[in-house]
Amino acid sequence: MNPASRPPPAAVRVMIVEDSLVVRRLLSHIVMRDPRLHLIAAVASAEDALQELPRLRPDVISMDIRLPGIDGLEATRRIMSEQPTPIVVIADSVEDSALRISMNALRAGALSVVEKPVGTETDGYERIAETICTQLFIMSQVPVIRRRGPGISRPPLPPPSALLPRTRPSVLAIAASTGGPPALAQVLGALPADYPLPVLLVQHMGSPFLEGFAAWLDGLVPMRVRLARDGERPRPGEVYVAPGERHLLMAPGGVLRLSAEPPLASQRPSATRLFQSVAETAGAQGLGVLLTGMGEDGAAGLLAMRQAGALTLTEHESTAVVYGMPAAAVRMGGSLLTLPLPLIGPHLLAVVREAIA
């Protein structure tokens with residue numbers, strides 16, 4: 001299918017990489033009917049994409065994962081190394097192997113993963129099509145040039161006394177959105193299997209991918225990671241991931257609840273609802289961490305935790321893929337301490353060790 005010849009003013013330039021002719025045509029149709037987007041290329045292989053990238057310079061790339069020759073994961077790595085461009089992974093949600101590759105593509109620099117459309121007559125087609133277009137539009141705005149190395153500005157640390165919780169912590173709540181999977185892997189990877197707190201986790205991601213995300217993270221970090229279940233009591237050294245379309249809450253008595261109450265600021269699960277519930281039930285015994293992500297979800301909840309006496313941390317701008325959520329928490333006064341990503345995990349470990357000593 002030929003790309004549209006006349007893009008609307010300021011339309012986002014989209015490249016589609018998809019080996020299936022049927023799906024490539026379907027994705028092209030989805031993109032071309034959205035006035036926010038302009039299709040500049042639809043190619044069948046990563047090799048074609050890499051060859052055309054310097055000439056076409058798309059604003060965002062729709063990337064299939066299972067490609068002939070160079071697969072989508074290796075293509076993502078090369079693009080992020082040679083010509084960093086926002087990448088949205090389009091993946092089959094039911095294949096375990098595709099899910100693992102998709103999560104690794106996020107770790108390699110892709111920004112989000114969305115469900116692959118099957119056909120115009122299938123259930124949920126319009127929802128999937130709208131999600132794809134919205135993700136392509138939003139992610140095209142994300143600056144993906146890496147800011148790594150000795151040039152990273154480090155925020156000044158507060159006095160040591162300010163780094164310690166007022167009382168021994170009992171639970172760690174952590175949340176992220178865009179750029180979250182690799183950030184969470186780094187933070188949780190710094191915590192040992194016998195970390196003495198349960199970890200409650202919200203990651204903004206399409207519902208079909210959250211179980212695969214939990215399984216992927218479980219294979220990377222020392223602690224056990226799985227989807228949370230309603231009514232269970234969280235145990236130290238385990239990570240409980242909010243499932244799709246449910247808020248993860250800590251209820252009185254320390255049990256977990258999965259709530260179908262309406263989305264908060266268009267998010268379900270919501271980081272703010274998690275943090276608010278921890279503030280209400282754990283008070284000063286809570287630890288709250290807000291990582292990279294778009295929007296303001298989590299900011300009001302982190303403020304509630306800080307007002308309850310909890311220790312609250314945000315990721316520093318120097319390492320956040322998107323500084324929206326942490327910035328909102330800092331602006332509202334919910335962040336006691338802001339740290340570059342590599343320092344957050346070690347600090348969470350040091351805080352607990354100091355409190356136990």
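## Helices α1 and α5

In this predicted model, helix α1 passes helix α5 in a right-handed crossing. The axes of α1 (residues 21–32) and α5 come within 10 Å of each other and cross at roughly 70 degrees; because angles of 65 to 115 degrees count as roughly perpendicular, α1 is described as roughly perpendicular to α5.

On the α1 side, the residues that meet α5 are Leu26, Leu27, His29, Ile30 and Val31, and their counterparts in α5 are Tyr125, Ala129, Ile132, Cys133 and Leu136. Sorted by class, this contact of α1 with α5 comprises nine nonpolar residues, one polar residue and no charged residues.

## Nonpolar cores

The largest nonpolar core has 92 residues, and those with the most contacts inside it are Tyr195, Phe213, Leu291 and Leu348. Helix α5 (residues 125–139) supplies the largest share of this core, namely seven residues.

Leaving aside residues up to four places away in sequence, Tyr195 touches Leu172, Met223, Pro236, Gly237, Leu287, Leu348, Leu349 and Val352.

## Helix α2 and its surroundings

In helix α2 (residues 46–56), the buried residues are Ala46, Ala49, Leu50, Glu52, Leu53 and Leu56. The buried residues of α2 pack against the strands β1 (12–17), β2 (37–43) and β3 (60–64), and also against helix α3 (72–82). Just after α2, Arg57 takes a positive phi of about 45 degrees.

Methods. Residues numbered from 1 in each chain as written. Predicted model: local features only at pLDDT ≥ 70, side-chain atom pairs only at ≥ 80, totals over all residues. Heavy atoms only, no water. Core = buried A, V, L, I, M, F, W, Y, C linked by side-chain atoms within 4.5 Å. Buried < 20%, exposed > 50% of the residue type's maximum accessible area, 1.4 Å probe, protein only. Helix = DSSP H or I, 4+ residues; strand = E, 2+ residues; numbered from the N terminus. Contact = heavy atoms within 4.5 Å. Axes fitted to C-alpha atoms, helices over the stretch in contact; angles between N-to-C directions. Parallel < 35°, antiparallel > 145°, perpendicular 65-115°, else oblique. Left-handed = near helix turned anticlockwise from the far one by under 90°. Nonpolar A, V, L, I, M, F, W, Y, C, P; charged D, E, K, R; others polar.
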